[in-house]
Number of protein chains: 2
Amino acid sequence: MHTACATMFSVRYHNLTVSSIRVTTASAAYSVTIAPGLLRRLYPRLRKLTPGKTPRLFVVTSPAIWALWHDRFLASFPSNQQPTTLFLPSGESHKRLATVESLAQQLALAGADRDSILLAFGGGIVGDVTGFLAAIYMRGIRYVGLPTTVLAQVDSSLGGKTGVNLLAGKNLIGAFHHPLAVFSDIDLLRTLPAAELRAGLQEAIKSGIIRDPALFRFMEKNADEILGQGASAKTGSDQGGIEHQPSKLVFADAKTMARIVTASVKVKAEVVSQDEKESGLRMVLNFGHTIGHAIEAATHYRKLLHGEAVAWGSIAALHLSLNRSLITPEDFARSANLILRYGPIPPFKVAATPQASAARLVALTSADKKKRSGRRAFVLATGIGRTKVAYDVTDPELLAAAHSMFKTMQQV
Amino acid sequence: MHTACATMFSVRYHNLTVSSIRVTTASAAYSVTIAPGLLRRLYPRLRKLTPGKTPRLFVVTSPAIWALWHDRFLASFPSNQQPTTLFLPSGESHKRLATVESLAQQLALAGADRDSILLAFGGGIVGDVTGFLAAIYMRGIRYVGLPTTVLAQVDSSLGGKTGVNLLAGKNLIGAFHHPLAVFSDIDLLRTLPAAELRAGLQEAIKSGIIRDPALFRFMEKNADEILGQGASAKTGSDQGGIEHQPSKLVFADAKTMARIVTASVKVKAEVVSQDEKESGLRMVLNFGHTIGHAIEAATHYRKLLHGEAVAWGSIAALHLSLNRSLITPEDFARSANLILRYGPIPPFKVAATPQASAARLVALTSADKKKRSGRRAFVLATGIGRTKVAYDVTDPELLAAAHSMFKTMQQV
């Protein structure tokens, strides 16, 4: 019997709104706290999680994040309670079992025990690796999420999916292991490269499209304010992972950004609370991801950031929904335009012609389908804030949708 | 709220008694089936676990086990349903994350999906590694235990503890992941080396001492029959792992051995059903293991088999219980004599004198205690079939007990 619940409240604190969203699944319950300036009072917040005890704390972070933020991170810790810091090099190539083993060995040598708590301070890779490390160190210890990217704050830090890659495929090794709590400090996004910020916001747009028309409208209305002057910044990743840098190319005011992150977290928290292990409802979070994953695989995870691939995948899914007359032309246009507005999303090709590129992507979704031994679930939009899951999407339909996506790409 | 249950029934089948013990924990429920000749009908037994579906099956085993038993193992599989076989080299040195990664990569390349089932066909190491592989492949798939040693049949195949070693320590990486079912074919013990068989029986004696006086008496009465002519066989391990061999040096008749395995499994199933994650009752299974683990660490896991180290550790724990007048001299003598009767247990030393050896072992138990951040729980015998857990055992008491153990060693 699953209990399902995602409650939210906001309080004013030092003139800042602090939002707290509760995630309650069959196997865990925890709060996600969202506000600017959270790091300033990090230690007291952590202490509240384990009243009476003083467990040892171990930060797992990337050298780049730590260089920029260690002063702020450590400021609230008493001098005799400084955490031990372990480093995870940036980049997807380090999201492997060898890294987990090295970190576990460091934990053991530093005396980490069953009561110790890991602090995952970084983007999606740091969160995935640290959560998995916590899942398997001494058969499971606790961890706290401290996500530093939009993508991690709105998506990967929630839901309990942790893991690493095999050579044979991404995220093939992992565990469901929920954090003890998540603290999303909006200020951390100030050092995020512009392309990373915009790509992360694509997941927020996805949340709006699948479940939250108010979030969608808010992002429509406030696009200029949110995107600032960063619209022309460099896009794409070179597989080197996210390097934060002390630039402020793109950043909305903290209040606007906090509102977007909070609304997105609420969507994911509601869905995950009702369906922890992706047997039903959780599939809607995969809107844009079927084609998105195919794009990432076809471009060897090098040309596009995850959020950028999902943005193109969402455009394809919208075309498919329109072709089935599930969505009105007006809602189709509003959705596609909002996705493009938060670009530029870098164009790409995976074959000589758009037709051949589309065929290549569809072939890759079939491979994905076969791996999961069964029907291909495809998430379609039926309006802004509404979806349905279809199991009867055919290859010709996918091909037409992918082809339309490439046509859209040529037009922008 | 934990539900706790361990029920058992036995049926006659082809003139053989098939015992089935049900383990029901908060997170899983499964049956342990014990009988000679189980492999002959393995495929139909597996099919019953997943009615309607035909999941892909992957055997993880050691080359030595497979060489001896693959004909019998495969005999019941239809020719179009042959399982894929993956090999784990023998020996503790392969109980590492690198092995898990290699096996996971092989699974992925062979097309294993979320519905696939692993068959852990081997001793404790095969079981621990395969269970952990199942725990983390695609965030968790199912596995079936097919233990081939006494130790694995009576102990390690039950309870859901899976994992691998770090350089920093044994079993520091792992997960709780229960099997879908366990099938213990008593015939497999026929190829077990004599020392392995006797060492495994020490865990059965432990089950008798902590919880089952009838099992204890049965092993007292039938010692000659059970041990056969193998009492003088080579003892000890050279870290090379258990190599089965087609010898029949030591083996009771299958019915007697099945009775011992069944009674031991029942003890462990009852305990684990009531306390899945070692918060209370499960600690009693550690009788003899505090000093036993110290002996294994001090001898670098090379001189003694696990059951042999536990046998000496049990003798020390019995001395401590006697020194506290918790156990009568008669019950002490019966218990110690039964342990020694199932020997020879190889003598060892870890320093120049017995005094120094005892001090070294006690120092190692303290290190163990510190690692678990708290009180040292020590399991004491209060009679045959009865224990209590003490938290106030002092180092001088331990020292005296370890010293008495070395004196016992000199006398036999």
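Biologist: What is the count of residue pairs in polar contact between chain B and chain A?

Modeller: The count is 10 residue pairs, both residues at pLDDT 80 or more. This is a predicted model. The chain B side divides into 16 nonpolar, 6 polar and 9 charged residues.

Biologist: Which elements of chain B give two or more residues to the side that touches chain A?

Modeller: Helix H3 (97-109), helix H4 (124-136), strand E8 (161-166) and strand E9 (169-176) of chain B do.

Biologist: Why is the pair Arg96(B) and Glu101(A) called a salt bridge?

Modeller: The closest N and O atoms are 2.8 Å apart. The cut-off is 4 Å between a side-chain nitrogen of Lys or Arg and a carboxyl oxygen of Asp or Glu, so the pair qualifies.

Biologist: How many residues of each chain are in contact?

Modeller: On chain B there are 31, and they touch 32 residues of chain A. The area buried between the chains is about 2,700 Å². Carbon and sulfur atoms give 58% of that area. In chain B, Glu101(B), Ile136(B) and Arg139(B) lose the most area to chain A. Together these three make up 25% of what that side buries.

Biologist: What makes Arg139(A) count as a charge over the ring of Phe176(B)?

Modeller: Arg139(A) lies over the ring face, at 5.7 Å from the ring centre. The limit is 6 Å for CZ of Arg, so the distance passes. Arg139(B) lies over the face of Phe176(A), at 5.8 Å from the ring centre. That value is also within 6 Å, so this second case passes on distance too.

Biologist: Which peptide bond of chain A is cis, with omega of about 10 degrees?

Modeller: The bond joining Gly343(A) and Pro344(A) is. Pro344(A) is found in the loop between helix H12 (329-341) and helix H13 (354-371) of chain A. In chain B, a cis bond joins Gly343(B) and Pro344(B), with omega of about 10 degrees.

Biologist: Which residues form one aromatic cluster in chain A?

Modeller: Tyr43(A), Trp66(A), Phe73(A), Phe77(A) and Phe121(A) do.

Note on methods
Residues are numbered from 1 along each chain as its sequence is written. Chains are lettered from A and ligands numbered from 1 in the order in which they are written. This is a predicted model: local features need pLDDT of at least 70, side-chain atom pairs count only at pLDDT 80 or more; totals for chains, interfaces and linings use all residues. Side-chain values use heavy atoms; hydrogens and water are left out. Contact means heavy atoms within 4.5 Å. Buried area is the accessible area (1.4 Å probe) that two parts lose on being put together, summed over both. A polar contact is a pair of N or O atoms within 3.5 Å; within protein, one must be able to donate a hydrogen and the other to accept it, and residues adjacent in sequence count only if both atoms are side-chain atoms. Helices (H or I, at least four residues) and strands (E, at least two) are DSSP runs, numbered from the N terminus. Ala, Val, Leu, Ile, Met, Phe, Trp, Tyr, Cys and Pro count as nonpolar, Asp, Glu, Lys and Arg as charged, and the others, Gly among them, as polar. Rings of Phe, Tyr and Trp (its six-membered ring) pair if their centres lie within 6.5 Å; planes under 30 degrees apart count as stacked, over 60 as edge-to-face and the rest as tilted. A charge sits over a ring if NZ of Lys or CZ of Arg is within 6 Å of the ring centre and within 35 degrees of the ring normal.
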